[in-house]
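Visitor: I would like to learn how to read strand pairing and helix packing in a model. Please take one feature at a time.

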Amino acid sequence: MASSDLEQLCSHINEKIGNIKRMLSLRNCGQEPTLKTTLDKIGDEIIVVNELLNKLELEIQYQEQTNHSLKELCASLEEDYKDVEHLKENIPPHLPQVTVTQNFVNVPDVDPGEPVKVEEPAPTKKHPKEQRSIKEMSFITSDEFSGIPAYMKSRLTYCQINDVIKEINKAIVSKYKILYQPKKSMSSVARNLYHRFIDEETKDTKGHYFIVEADIKEFTTLKADKRFHVILNILRHCRRLSEVRGGGLTRYVIT
């Protein structure tokens with residue numbers, strides 16, 4: 001046996017002997033009347049401390065459960081915040097904006113004994129030429145979108161349809177701004193478009209706003225492809241437009 005192992009064994013034996021001596025000493029102390037009272041008090045305090053440790057353990061378990069619940073709530077709030085930010089950044093541009101206006105009229109104090117003078121309104125100035133309003137196509141509502149047959153809308157979304165309506169309105173406004181523009185102020189390009197617009201009119205389109213595919217190509221970035229015609233079919237179904245054919249042209253009349 002190595003000397004180091006022998007030293008460890010001796011140290012372990014001596015530690016055990018020391019523990020036995022302390023235990024015998026404590027047992028002898030417990031038999032003395034003066035020390036017995038002190039030991040009883042120490043025992044009572046140990047019981048109290050043990051009860052406090054049990055309560056502390058229960059409180060720690062409760063706090064751990066609360067911490068776990070708060071973490072779940074925080075994760076849920078973060079998901080909600082991301083959803084709100086996504087909605088905020090992707091608000092459909094075609095949604096109507098609500099504006100609230102209030103008119104306040106100051107009424108001066110009037111003495112009931114004095115006659116009231118009625119002031120005649122000042123004559124309004126007549127504008128040389130009032131700006132004419134241009135009828136635009138109204139957007140599809142969510143209820144209308146839900147009522148479109150599935151075979152008709154296929155994979156098209158609510159926003160995609162209204163985005164096309166937005167572009168159609170852009171073409172309508174651009175066309176009729178030229179038609180309502182004084183001829184003297186027209187450029188050569190606008191004058192050529194003006195004559196084309198006049199040539200495309202028929203007795204069936206008189207008094208109505210309409211466009212043709214050439215206007216879509218001229219004033220928008222839309223392509224008159226299969227998808228575009230599917231959306232036009234949906235707009236006819238929703239009574240947003242009708243078709244007037246003739247002379248090799250299809251006129252899309254805003255209803």
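**Strand pairing and a helix contact**

Visitor: Which residue of strand 3 is the bridge partner of Ile211?

Guide: Tyr252 is the bridge partner of Ile211 in strand 3. This is a predicted model, in which local features need pLDDT of at least 70, side-chain atom pairs count only at pLDDT 80 or more, and totals for chains, interfaces and linings use all residues. Residues are numbered from 1 along each chain as its sequence is written, and side-chain values use heavy atoms, with hydrogens and water left out.

Visitor: How many residues lie between strand 2 and strand 3 in their hairpin?

Guide: The hairpin has 2 residues between its strands, and Gly247 in the turn has a positive phi of about 65 degrees.

Visitor: How are two packed helices described?

Guide: By the angle between their axes and the distance between the axes. The axes of helix 5 (residues 158-179) and helix 6 (residues 188-200) come within 9 Å and cross at roughly 100 degrees. Axes are lines fitted to C-alpha atoms over the stretch in contact, with angles from 0 to 180 degrees between N-to-C directions. Helix 5 is therefore roughly perpendicular to helix 6, a term for angles of 65 to 115 degrees.

Notes:
Pairing = 2+ DSSP bridges. Helix = DSSP H or I, 4+ residues; strand = E, 2+ residues; numbered from the N terminus. Parallel < 35°, antiparallel > 145°, perpendicular 65-115°, else oblique.
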